[in-house]
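Please examine the sequence and the structure shown below. A short report on the fold, surface and selected residues accompanies them.

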Amino acid sequence: MTGSRSSALFLSTASLLAVALGCIAIWAGWSYSISAQTQRGAALYAEHCGMCHGAQLEGQPD
């Protein structure tokens, strides 16, 4: 009977580890895409908006 418990514990631990690794992989892909979008947005802002609104979003008088 201890062999069954040991196998069940191993399988539940392995399943938990697999789920955790899957979550980490999804999070890593998500954070990379957010980073790429943020970098693209910063470049677009600098090219099209920064002249009037300022590099630090401070705005310009009039």
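## Basis of the model

This is a predicted model, in which local features need pLDDT of at least 70 and side-chain atom pairs count only at pLDDT 80 or more, whereas totals for chains, interfaces and linings use all residues. Residues are numbered from 1 along each chain as its sequence is written, and side-chain values use heavy atoms, with hydrogens and water left out.

## Overall form

The chain contains two helices and zero strands; these elements are DSSP runs numbered from the N terminus, with helices being H or I of at least four residues and strands being E of at least two. Along the principal axes, the C-alpha atoms occupy a box of roughly 80 × 15 × 10 Å. The radius of gyration of the chain is 24 Å, while a compact globule of 62 residues would have one near 11 Å. That radius is taken over C-alpha atoms, and the globule rule is 2.2 Å times the number of residues to the power 0.38.

Of the 62 residues, 3% are buried. Here buried means under 20% relative accessible area, exposed means over 50%, and partly exposed lies in between (1.4 Å probe, protein chains only). The chain exposes about 5600 Å², and carbon and sulfur atoms supply 69% of this area. Accessible areas come from the Shrake-Rupley method with a 1.4 Å probe; for residues, only the protein chains shown count as cover.

## Helix α1

Helix α1 spans residues 2–48 and includes R40. R40 counts as exposed because its relative accessibility is 59%. Between the C-alpha atoms of R40 and G54 the distance is 17 Å, with 14 residues separating them in sequence.

T13 also has its place in helix α1. A polar atom of the T13 side chain lies 2.8 Å from the backbone oxygen of L9. With a relative accessible area of 46%, T13 is partly exposed. L21 is another residue of helix α1, and together with L17 and I24 L21 makes a nonpolar surface patch of about 310 Å².

## Cysteines and the segment after α2

A disulfide is a covalent bond between the sulfur atoms of two cysteines. A search of the whole structure finds zero disulfides, the criterion being a pair of cysteine sulfur atoms within 2.5 Å. The sulfur of C49 has its closest cysteine sulfur in C52, at 8.5 Å, and is therefore too far away for a bond. C49 is partly exposed, at 30% relative accessible area, whereas C52 is exposed, at 53%.

Q56 belongs to the segment after α2 (50–53). Its relative accessibility of 66% places Q56 among exposed residues. The C-alpha atoms of Q56 and A46 are 9.9 Å apart, and the two residues are 10 residues apart along the chain.

Notes: Patches are made of residues with over 30% relative accessible area and no salt bridge: like charges are joined within 9 Å, nonpolar side chains (Val, Leu, Ile, Met, Phe, Trp, Tyr) within 5 Å. A salt bridge is a side-chain nitrogen of Lys or Arg within 4 Å of a carboxyl oxygen of Asp or Glu. A polar contact is a pair of N or O atoms within 3.5 Å; within protein, one must be able to donate a hydrogen and the other to accept it, and residues adjacent in sequence count only if both atoms are side-chain atoms.
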